[in-house]
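Here are my notes on the model, arranged as numbered points. Please read them with the structure open beside you.

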Amino acid sequence: MRRSRARTQHPARPSHPSRAAQTSPSTPPTATPTPPTPPFDFPAARRLRAGLGMEPEHVAYGMRSSFGLPHVTPDMVIDWERGTAAPTGAELTALAGMLWCSVDDLAGRPRTLREYRVARGVSAETVAHVVGIELPAYLRMEETGQWRGNERQSDALTELLDLSLADFVTVSGREWKLAELLQGAVTTRWQGYVRPAAKLLPLDRRLVEDVLRELHSAYRSTTTAGLTWTKGTAWTDADDAGRDFLDHIVDRFWSTVSTVESTGPY
């Protein structure tokens with residue numbers, strides 16, 4: 001993929017409902033595909049619940065009794081908040097009702113190649129044709145979450161789905177590695193993470209250095225704020241602030257890239 005600047009992410013465009021499959025009397029009906037799980041901002045869900053003074057048990061009970069979802073358990077709510085699972089469309093709507101917020105407040109940006117494609121309203125067949133990959137091979141990439149196209153195909157995918165550099169890192173399956181590197185950089189010595197981060201991303205090494213330095217400083221400021229409180233309150237606040245910082249570390253990285261990039265000779 002060509003070295004490029006990180007662009008501002010575009011809001012996801014809603015996809016159009018698919019048309020019902022046409023069948024003949026001799027053709028068995030086509031099974032209705034399972035709708036994709038909507039992108040979910042799990043740190044926001046945890047933050048909103050905590051702000052209301054509710055426990056996962058209260059959320060689950062309310063979703064069962066008030067929204068007709070008898071299968072929801074406290075463990076499910078905890079899994080959603082940890083990011084190890086995501087609510088379905090109906091569960092997301094009920095969760096928003098319990099947390100006194102809108103669905104948009106809990107909706108995260110797309111995280112997988114399939115989610116980006118669906119959000120842009122593009123069929124898998126179209127993507128495969130435009131980028132020049134056999135459909136079965138492309139579908140395997142969606143299923144595994146690992147983009148394996150070459151540079152030309154990556155550029156075609158980026159243009160078709162209107163992806164920023166941050167988006168492409170996500171759909172190529174490298175965001176988890178980036179998050180791991182960034183968490184290490186801000187919690188230890190950031191200098192040791194410049195080389196692997198620059199190798200992972202098509203960004204100027206000097207830019208990566210400046211961004212990691214900024215993030216490291218911001219993390220230290222966040223976790224040390226308020227440590228003069230007494231009776232352990234400061235430590236609790238610092239832990240919560242640090243956890244929230246790390247939960248959003250990738251988003252903070254791209255935001256800092258844009259800021260530093262606009263002021264530096266890159």
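1. A word on terms comes before the helix packing: axes are lines fitted to C-alpha atoms, for helices over the stretch in contact, and angles run from 0 to 180 degrees between N-to-C directions. Two packed helices are described by the angle between their axes and by the distance between the axes. Helices (H or I, at least four residues) and strands (E, at least two) are DSSP runs, numbered from the N terminus.

2. On the origin of the values, this is a predicted model, in which local features need pLDDT of at least 70 and side-chain atom pairs count only at pLDDT 80 or more, while totals for chains, interfaces and linings use all residues. Residues are numbered from 1 along each chain as its sequence is written, and side-chain values use heavy atoms, with hydrogens and water left out.

3. For the chain as a whole, the protein has 15 helices and 0 strands. Of its 266 residues, 39% are buried, where buried means under 20% relative accessible area, exposed over 50%, and partly exposed in between (1.4 Å probe, protein chains only). The accessible surface comes to about 15500 Å², and carbon and sulfur atoms hold 53% of that area; such areas come from the Shrake-Rupley method with a 1.4 Å probe, and for residues only the protein chains shown count as cover. Among contacts (heavy atoms within 4.5 Å) with a separation of 6 or more, 65% join residues 24 or more positions apart.

4. Helix H11 (residues 175-187) packs against H15 at an angle of about 80°, the two axes being 9 Å apart. That angle makes H11 roughly perpendicular to H15, on a scale where angles under 35 degrees count as roughly parallel, over 145 as roughly antiparallel, 65 to 115 as roughly perpendicular and the rest as oblique. From H11, Glu-175, Leu-178, Ala-179, Leu-182, Gln-183 and Val-186 meet Ile-249, Val-250, Phe-253 and Trp-254 of H15. By class, this contact has 8 nonpolar, 1 polar and 1 charged residues; Ala, Val, Leu, Ile, Met, Phe, Trp, Tyr, Cys and Pro count as nonpolar, Asp, Glu, Lys and Arg as charged, and the others, Gly among them, as polar.

5. H15 (residues 249-263) also packs with helix H13 (residues 205-224), here at an angle of about 120° and with the axes 9 Å apart. That makes H13 oblique to H15, and H13 passes H15 in a right-handed crossing (left-handed if the near helix is turned anticlockwise from the far one by less than a right angle, right-handed if clockwise). In H13, Leu-207, Asp-210, Val-211, Glu-214 and Leu-215 meet Arg-252, Phe-253, Thr-256, Val-257, Val-260 and Glu-261 in H15. The classes in this contact are 6 nonpolar, 1 polar and 4 charged residues.

6. H2 passes H4 in a right-handed crossing. His-58, Val-59, Gly-62, Met-63 and Phe-67 in H2 meet Glu-91, Ala-94, Leu-95, Gly-97 and Met-98 in H4, a contact with 6 nonpolar, 3 polar and 1 charged residues.

7. Several loop residues deserve a look. Trp-100, in the loop between H4 and helix H5 (103-106), has a positive phi of about 55° although it is not a glycine, and at 77% relative accessibility Trp-100 counts as exposed. Asp-162, in the loop between helix H9 (151-160) and helix H10 (165-171), likewise has a positive phi, near 55°, in a residue other than glycine.

8. Is Arg-120 buried or exposed? Arg-120 lies in the loop between helix H6 (113-119) and helix H7 (124-131), and at 9% relative accessibility it counts as buried. Arg-120 and Leu-161 are 41 residues apart in sequence but 6.4 Å apart in space, C-alpha to C-alpha.

9. Thr-188 sits in the loop between H11 and helix H12 (194-200) and, at 41% relative accessibility, counts as partly exposed. Leaving aside residues up to four places away in sequence, Thr-188 touches Tyr-193 and His-216.
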